[in-house]
Amino acid sequence: MIKQLCKALSAAKSITDWLINETTTHSTQAFYVMQKLETTRLADTREYSVTVYKEFSDKGVAYTGSSSFVLSHKLSNADLNKKIEEAAFAASLIKNKRFDLVPGTAKRTWKEKPFGSEPLVLLDKIAGVFFKEAKENLRFNSLELFHTTSTIRVVSSKGVDYKKTMHRVNIEAIPSYDGADDKVELYRYLTYSKIDFDVLRADAKAALSDVTNRYAAKAIKEIAKIDVILRDEDVKSLFESLIEDYSYDSVYRKNTDKVIGDAIQKDVTGEYLDINLKPSSKADGFDRDGVLLSPTNIIEKGVITNYYGSNQYAQYLGLKPSGLLATIAVGKGKTSYERMKKKPHLEIIALSGIQIDMYSHYIGGEVRLAIYFDGKDSHPVSGFSFSGNIEKCLSALVMSKETTALQGYEGPKYILLKNMEIL
Amino acid sequence: MTNKFSRYLRSKKKLIRALIDQLGTRYSYVSVLGTDVSGTTIVVDKSTANVVPSGLSEAGFVIKVFNGQIYSELSTNEITKKNIPILISEINRLAAHKSTIAPVKVKVLNEEPLTKRFVRKNKGQSYTVEEIISILKGYVMRTLMSSELAVNVRASIETTEVSKMYMSKQKDLEQYYTWANPRCYVLVRRGDNTKYGYDGFGINSIEKALEDLLPAIDKSLKTAIELLDSVIPTPGYYDVITAPSITGLIAHEAFGHGVEMDMFVRDRARSQAYFNKSVASPLITMHDGADATFSVASYFFDDDGVLAQDTKIIDNGILVSGISDALSALQLGKAPTGNGRRESYKRKSYTRMTNTFFSPGIAKLSDMIKSIKHGYLLAQTNNGMEDPKNWGIQCTAQYGREILDGQFTGKIIAPVVMSGYVIDLLNSISAVSRDFEVIGSGSCGKGYKEWVRVSDGGPYLKAKVKIG
């Protein structure tokens, strides 16, 4: 089908340029209910996103208009030409500042190493690893496994023809504990680009251990303010929020009043932040526009050094595009996890969802499970919320030497936020 | 908009019937869901415009079979005469897979014969892309010129037309309906203080969507400017009045997720043990259903081929019913409620909410405000998170207006993160207004995935909540 598309787009006189994103997905899925197999699924799909561009000028101003459409199945040549003409007309109405498409280099292909086993067999083994760690009253009431191979190809009128193939296993696990007085659960979403059964086993064990703690958790005693330790996904969410407004399009739209050279940490008494963006793997060679990807530094020693993002908006700011980079990489901290835990603190294991509003400088959330260290002993606690001022948190930020690698994040596994309010 | 059922899906019916017949010789249950969802999102702001496909766009099929033990599904883009043998071979391979994990004990889905076509067209005038861009650009420029504090304004409209087809040994259903989602976002700045306002709603008339968007932008600008003087709330317990969007968020997060019956099958919902028991103030009655009211989740049949219904979940404080997809209902020995929904043809069907709301009461909003000694009127949904097993709740409102001795003080707090225990919150409701509004601007995930378009709302509620 891509040949038909390229031919039709190349022949279309009403457009200046075009770009095709072809996504081929082979996904094998298994769903387990109360540790028994309920449903198996295969999703074999190929979809196309087509963008047409039209350069024109009006009253002496040059514009590049664009418009997109999606295709999931083959069209007749006549129907396809009609779609292209409709998109071309829409593009002719879009008066966006002129920009150039990414020029292509030689045709290139990137591939990750596949997992090896037949997907259904691999998912079966993974389910077995999880269920082996369970006991009668401590188990995974729901387990959903997704083995996905995605191949993305970008082809454009400017000579881009890149293809990348990546493999992931995603797991949604609901560890559950049935006690004498109550039943509790937690939520886990895990992503793997390599299958190491020891790692999977450790993750299953940790999930079951955490939910056992949730059962034992008591309401927290009267504490007004305390240091809070965040870990893993919550740390990732915080760092994502910190750089959200420094993308080219966000800067172009004036979502932030900060510019390169401005500090995002003020009156620093804690540790300085270094934040980079990088491709999700070696095979993640290019973005949807065909920009070849390489790591980009965004924050260095708490100061904005670069913006990031797509080709179009980079050009609007007169900058070389970084491309759309999927992984945020944060420099590790100077403080060991053990040292971080010496003073009274709350270590948050599970939140309902971290709430961050950069414009109001707010951070907080409802805590489903935390470990409270009172200076002598540790106790699992739940049923409270924490909140604080994010600017103050950043001034006194403490980051762990220990690092973690999650989907979309590499960096300190733990951070400590000082003097948060508890209710 | 074509205002017609998909020509593409209809062209596949004969092939699909042959596929069902062929698979039917081997499997006791066979169905095929076909989807063709198309649409356009037009976005205009101060300096750019974009015309892109609606985020809901998709076209594909789900072939589902029962092998006597478990259900298996194959999602594909193409059903052609040429690839039918490949599809059959793939589904046979999937259904024949010998797992080392024991299967659940589930029976075959029984269906009554039904053949029906449903159509709901876009109401009012239709517009070209050129006309919509011009109208949105006018709204944006007018708003930017109305306040020197406005840094950027974004106005958009997403139009969607949905064609779905469900065919099985017993059923042959078709539905076509349309929807429009106008949205706006206004960014304001005073010195280094930046805030924003936003709004969005759903309607099946592009004409009305464009008409109602302008006052929504004006309101968002006003709110954003007010928010420049907002303060972060002091954590504590407060009497509050929830505006319909926050009322809907509470209905959705507090009890909607908790009565999704695929959660019952997984022993994931505490509410399972509370049927015919009090779970809320006697002032509270709650519904969900694609046929319960008219909003963005109003379809005619669900992705399992079950007709839309109106399910009363809470009746005067008593939990009376859950909602279900076909497979969960089968496992629980219940009748399905028409709540089986897929994020797309590429994903599994789960029990999902549709239009979820608390019913109106008899109180007057002005009396409710007068009754507050010190508290807030909370408005504009930001996000929420469910905890159906342990009945925790977190709902975030964009802002709250302070009420002191029954009067608004002009002070505004933001953001407002409410949390607590579901039953405490629902039992604290002491007044329910006679107003009623359902807002269809958002999407709902199950956990952190499987996004579907939903609406929620209701009247104004007076309750006591923890803000932190």
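How many helices and strands are there in chain A? Chain A has nine helices and 23 strands; helices (H or I, at least four residues) and strands (E, at least two) are DSSP runs, numbered from the N terminus.

1. Basis of the note. The model is predicted, so local features need pLDDT of at least 70 and side-chain atom pairs count only at pLDDT 80 or more, while totals for chains, interfaces and linings use all residues. Residues are numbered from 1 along each chain as its sequence is written, and chains are lettered from A and ligands numbered from 1 in the order in which they are written.

2. Chain A overall. Along the principal axes, the C-alpha atoms of chain A fill a box of roughly 75 × 55 × 30 Å. Chain A has 423 residues, of which 46% count as buried. A residue is buried if 20 or more other C-beta atoms lie within 10 Å of its own, exposed if 12 or fewer, and partly exposed in between, with C-beta atoms placed from the backbone. Among the contacts in chain A with a separation of 6 or more, 71% are between residues 24 or more positions apart. Two residues are in contact if their C-beta atoms, placed from the backbone, lie within 7 Å.

3. The interface. In chain A, 61 residues are in contact with 64 residues of chain B. Strand 2 (residues 36–58) of chain A gives the largest share of the chain A side, 12 residues. By class, the side of chain A that touches chain B has 22 nonpolar, 21 polar and 18 charged residues. Here Ala, Val, Leu, Ile, Met, Phe, Trp, Tyr, Cys and Pro count as nonpolar, Asp, Glu, Lys and Arg as charged, and the others, Gly among them, as polar.

4. Strand pairing between the chains. Strand 2 of chain A runs parallel to strand 4 (residues 71–76) of chain B, and six bridges join them. Two strands pair if DSSP finds at least two bridges between them. Thr40(A) has Ser72(B) as its bridge partner in strand 4 of chain B.

5. A sheet in chain A. Six strands form an open sheet with mixed pairing, in the order 13-12-11-14-22-21 (chain A). Strand 13 (303–304) and strand 21 (403–406) of chain A are at the edges and have a single partner strand each, so one side of each lacks a neighbour in the sheet. Strand 11 (residues 275–278) and strand 12 (residues 296–300) of chain A run antiparallel and are joined by three bridges; the partner of Leu277(A) in strand 12 of chain A is Thr296(A). Helix 5 (residues 233–243) of chain A lies across strands including strand 11 and strand 14 (327–330) of chain A, running at about 95 degrees to strand 14 of chain A.

6. A sheet in chain B. An open sheet of six strands, again with mixed pairing, has the order 12-11-10-15-22-21 (chain B). Strand 12 (318–319) and strand 21 (437–446) of chain B are its edge strands, each pairing on one side only. Seven bridges pair strand 21 of chain B with strand 22 (residues 449–458) of chain B in the antiparallel sense, and Ile439(B) stands opposite Asp456(B) in strand 22 of chain B. Helix 6 (residues 244–256) of chain B packs on the sheet, and its direction makes about 125 degrees with that of strand 22 of chain B.

7. Helix packing in chain A. Helix 3 (residues 119–132) and helix 4 (residues 197–216) of chain A have axes that come within 8 Å and cross at roughly 40 degrees. That angle makes helix 3 of chain A oblique to helix 4 of chain A. Axes are lines fitted to C-alpha atoms, for helices over the stretch in contact, and angles run from 0 to 180 degrees between N-to-C directions. Angles under 35 degrees count as roughly parallel, over 145 as roughly antiparallel, 65 to 115 as roughly perpendicular and the rest as oblique. In helix 3 of chain A, Ile126(A), Val129(A) and Phe130(A) meet Phe197(A), Leu200(A), Arg201(A) and Ala204(A) of helix 4 of chain A. This contact has six nonpolar residues, no polar and one charged.

8. A residue in chain B. Gln380(B) is in strand 16 (residues 374–385) of chain B. Gln380(B) counts as buried because 23 C-beta neighbours lie inside 10 Å. Leaving out residues up to four places away in sequence, Gln380(B) touches Ser245(B), Ala397(B), Gln398(B) and Tyr399(B).
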